[in-house]
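I have a new notebook page and a structure to look through. Here is what I will be working from.

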Amino acid sequence: MKKVSIIDVAKEAGVSVSTVSLVLRQKGKISDATIGKVQAAITQLGYVHNVAAANLRANTSNLIGLILRDFSDSFSIKVMASVVQELEKQGFMVFLGQPLDDRTSLERCLLSFKQQGVAGVIYLSSDTTRATLPDLIRQCPLPLVVVSQSLMEESCNMVMRDNRQAASLATRYLIERGHRSIGYIGGQADCLIRQQRLQGFRNALTQSGMVWKEDSAPACNDDTQAASLATRQLLEKHNTITALLCHSPDAMIGCINGIHQVGRTIGKDVFLTQQVALVGFEDMLHVNLTSPSFTYVSSASEETGRQAAGVIIRKLREPELQTQRITLSGQLIARESA
């Protein structure tokens with residue numbers, strides 16, 4: 001079968017080759033009627049536009065390199081899905097790299113991006129214990145956007161979560177509902193997300209005239225068993241606690257078990273002393289299938305992805321664009337647990 005060319009499309013549509021090219025690249029001022037004829041010819045002939053070849057001829061690229069280091073991180077996965085969806089809407093494609101946690105793997109990943117001719121790079125940082133980027137990312141010669149779950153002091157384009165705001169919002173919500181003894185469960189001591197949330201937690205307490213107690217926020221490993229034990233020990237030591245902030249989905253599930261172990265229940269009624277209110281920091285559909293459904297501060301993962309895609313596109317179109325630093329706030333979704 002003969003391969004259909006752009007010349008064949010032009011003949012079928014009764015227009016010039018340059019007009020077909022402009023329609024394919026969505027450039028120039030072409031009437032809707034002409035666009036319709038060209039698209040009809042493309043469908044009739046089964047023409048497939050070779051974007052890579054066209055980019056090579058024009059010395060441009062519609063390929064964006066996306067680095068995702070941790071496929072077990074739910075926030076990064078949601079951000080990735082949003083990035084891909086937004087870039088595809090704008091005519092870009094994604095080349096995915098997943099380097100291992102070492103310099104050599106990251107170096108190979110960036111070299112592969114260069115060989116594939118990517119126009120820019122989006123780096124989804126999932127290391128919550130480092131406040132700096134790997135040197136290879138910081139020195140990347142291509143337009144770069146970094147997505148971080150914690151606030152970082154870097155000079156590149158960044159989209160970040162405001163963990164202080166999220167914890168402050170959750171704490172103030174609980175205080176407004178009468179809670180005067182609140183704890184925080186989960187996160188390892190060196191986790192930047194935990195540290196930043198604790199700052200927001202402390203600030204909200206102080207602003208309300210309440211005392212911050214160091215031992216009301218035990219750190220623990222990121223698994224349900226550790227969170228369950230930490231919750232049980234905390235409630236046994238401080239039986240006046242009526243609400244808990246849960247660091248992660250695993251912490252939330254562990255808290256449920258720990259609360260039940262000390263003979264208390266989950267609920268938002270501060271006047272029922274056996275109830276403990278729970279607030280999480282991202283939506284957990286697998287938990288919300290049960291009763292009660294859980295109050296949480298959204299992680300803004302979809303908006304994070306849209307913003308990251310928007311920044312890289314603007315940077316490609318305006319190379320002299322000033323460095324963008326976008327910090328996204330979460331929204332509290334009130335449900336049955338608090």
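**Entry 1: a charged pair.** I looked up lysine 89 and glutamate 86 and found their side chains joined in a salt bridge, 4.0 Å from N to O. (A salt bridge here is a side-chain nitrogen of Lys or Arg within 4 Å of a carboxyl oxygen of Asp or Glu.) Lysine 89 and glutamate 86 sit about one helical turn from each other, because they are three residues apart in helix α5 (residues 74-89). The structure holds eight salt bridges.

**Entry 2: what I am reading.** This is a predicted model, where local features need pLDDT of at least 70 and side-chain atom pairs count only at pLDDT 80 or more, while totals for chains, interfaces and linings use all residues. Residues are numbered from 1 along each chain as its sequence is written, and side-chain values use heavy atoms, with hydrogens and water left out. Helices (H or I, at least four residues) and strands (E, at least two) are DSSP runs, numbered from the N terminus.

**Entry 3: the sheet.** In what order do the six strands of the open sheet come? I read off β2-β1-β3-β4-β5-β11, with parallel pairing. (Two strands pair if DSSP finds at least two bridges between them.) β2 (93-97) and β11 (325-328) are the edge strands; each has a single partner strand, so one side of each has no neighbour in the sheet. On average, neighbouring strands are turned by 20° against each other, direction ignored. (Axes are lines fitted to C-alpha atoms, for helices over the stretch in contact, and angles run from 0 to 180 degrees between N-to-C directions.)

Isoleucine 67 has glycine 97 in β2 as its bridge partner. Helix α6 (residues 103-116) lies across β1, β2 and β3 (120-125), at about 170° to β1.

Entry 4: Next I checked α1 against α3. The axes of α1 (residues 6-13) and α3 (residues 32-45) come within 8 Å and cross at roughly 120°. That makes α1 oblique to α3. (Under 35 degrees counts as roughly parallel, over 145 as roughly antiparallel, 65 to 115 as roughly perpendicular and the rest as oblique.) Asp8, Val9, Glu12 and Ala13 of α1 make the contact with Lys37, Val38, Ala41, Ile42, Gln44 and Leu45 of α3. (Contact means heavy atoms within 4.5 Å.) I sorted these residues into six nonpolar, one polar and three charged. (Ala, Val, Leu, Ile, Met, Phe, Trp, Tyr, Cys and Pro count as nonpolar, Asp, Glu, Lys and Arg as charged, and the others, Gly among them, as polar.)

For α2 (residues 17-24) and α3, the axes come within 10 Å and cross at roughly 90°. α2 and α3 are therefore roughly perpendicular. Thr19, Val20, Val23 and Leu24 of α2 touch Thr34, Ile35, Val38 and Ile42 of α3.

Last, α1 and α2 pack at about 105°, with axes 8 Å apart. That makes α1 roughly perpendicular to α2. Which residues meet in α1 and α2? I listed Ile6, Ile7, Val9 and Ala10 in α1, and Val17, Val20, Ser21 and Leu24 in α2.
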